[in-house]
Amino acid sequence: MAVAQDTGFGIYIHWPFCEAKCPYCDFNSHVRHGGVNQKEYIDAYRREMSYFSDLSKEKKVTSIFLGGGTPSLMQPETLDALLKEVHNLWDVADNAEISMEANPSSVEAERFSAYHESGVNRLSIGVQSLKDVDLRFLGRLHDVEQAIKAVEIARETFPRISFDLIYARPNQTEREWEEELNLAIDYAADHLSLYQLTIEPDTPFQKLFDAGKLQIPEPDFARALYDLTQDICQARGMPAYEVSNHAKKGAESRHNLTYWRYGDYAGIGPGAHSRLTIDDERTGFIVESYPETWLLEVGKKGHGIWNVEVLNPEQTGDEMLLMGLRLKEGISLSRYEALSGRYIEDKQVNSLLADGMIERLSDDIVRVSREGWFVLDAVVADLAM
Ligand SMILES: C[S@@+](CC[C@H](N)C(=O)[O-])C[C@H]1O[C@@H](n2cnc3c(N)ncnc32)[C@H](O)[C@@H]1O
Ligand code: SF4
């Protein structure tokens, strides 16, 4: 029998604009030097929200996440209008987590209290590094002083904050990362997202990498940095609860837990994805990415959806494994079997246990070991066979 788990229901809102494009980033983010007519966008978001709320009205919203791009470029009135519309269209839990991503520029920090007044109760700040030379290398527009100031203002303003750092940067030594991470933990309240620098396709960093002008750590050294990260965070009371996310107990991002626990979510705005269970079928939606095209599509049809896919049980099971095995809490084998219609044989589990790739937490729950996190796709493939 499948283990019932309260996976929550999240609303994701994507704001696709940034002040400048960072050379490592392949997110759906665009720079508009001529400015953005935010009123026009508010109308389009409202219309697309209305479309998705018709598909998911009966669900209680447990989290809202404003991501990007750089949502802290939204005028406070824009954010307020979008949150009000979510409350209009859905039943939002009183204690819903309402998170927003922000860049640490001083202009954006000035808007923090207005965002809080509109209901944002968790801010996730893109600090990326606590070294000026590396912030310049990453093409960021802020320096360390601004980042720390933004974190301090955020701590005074929001009950919960987190910040992102990118490590495994070129020439970074273990000693340097250890110092930077310890400093970050001093500033962080109770949540940190720590990502190893990845060379994404079609980015300026990829061109430099291909031309031999940018080196990232060899796998063994990247592994050593990862282990160091785990050990420091564990020792400082911020253990990993997901491959790249660390939190004090109870401070985990509830919205992201909904993704990883394979719950339903509606994604609104350019390039957003959704997963909704409709008539017992897991259904995926993808919305047009290019902002101006999305605006036109929403104007014509009331939504920017270009792809709808009803997932078959096998696809559903594969997705659930891929998401769930990122989590320290692990996954329920019986839930996997119920969703996928597959049966996991003891020998599959036993062989992964013997290889040290997974750990068994109970008869029903397994999780990936630290070794297994490095070959997650292979572990998923072995279980899904
Ligand atoms: C959508 S961005 C965060 C919001 C905000 N725009 C910012 O950059 O501060 C999500 C996070 O992904 C991480 N990230 C993006 N591209 C990355 C890459 N190529 N390698 C590692 N981390 C990356 C960064 O830490 C970034 O803060
Ligand atoms: S990392 Fe953030 S600020 Fe930089 S381009 Fe990507 S979304 Fe925009």
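## Two helices side by side

Let's start with helix 14 (residues 346-354) and helix 16 (residues 376-383), whose axes cross at roughly 155° and come within 9 Å. Helices here are DSSP runs of H or I with at least four residues, and strands are E runs of at least two, numbered from the N terminus. Axes are lines fitted to C-alpha atoms over the stretch in contact, with angles from 0 to 180 degrees between N-to-C directions. Helix 14 and helix 16 are therefore roughly antiparallel (over 145 degrees).

On the helix 14 side, Gln348, Val349 and Leu352 make the contact, and helix 16 brings Val379, Asp382 and Leu383 (heavy atoms within 4.5 Å).

## About the model

This is a predicted model: local features need pLDDT of at least 70, side-chain atom pairs need 80 or more, and totals for chains, interfaces and linings use all residues. Residues are numbered from 1 along each chain, chains are lettered from A and ligands numbered from 1 as written, and side-chain values use heavy atoms, without hydrogens or water.

## Around ligand 1

Ligand 1 has 17 residues around it, with Gly69, Asn103, Gln128, Arg140 and Asp164 the closest (a heavy atom within 4 Å). Strand 4 (122-128), strand 5 (160-167) and strand 6 (191-196) each give at least two residues to this shell.

As for polar contacts (N or O pairs within 3.5 Å), the side chain of Asn103 has an N or O atom 2.8 Å from a ligand 1 oxygen. A backbone N or O atom of Thr198 sits 2.9 Å from a ligand 1 nitrogen.

## Around ligand 2

Residues surrounding ligand 2 include Cys18, Cys22, Cys25, Asn103 and Arg140.

Methods
Polar contact = N/O pair within 3.5 Å; in protein donor to acceptor, adjacent residues only side chain to side chain. Parallel < 35°, antiparallel > 145°, perpendicular 65-115°, else oblique.
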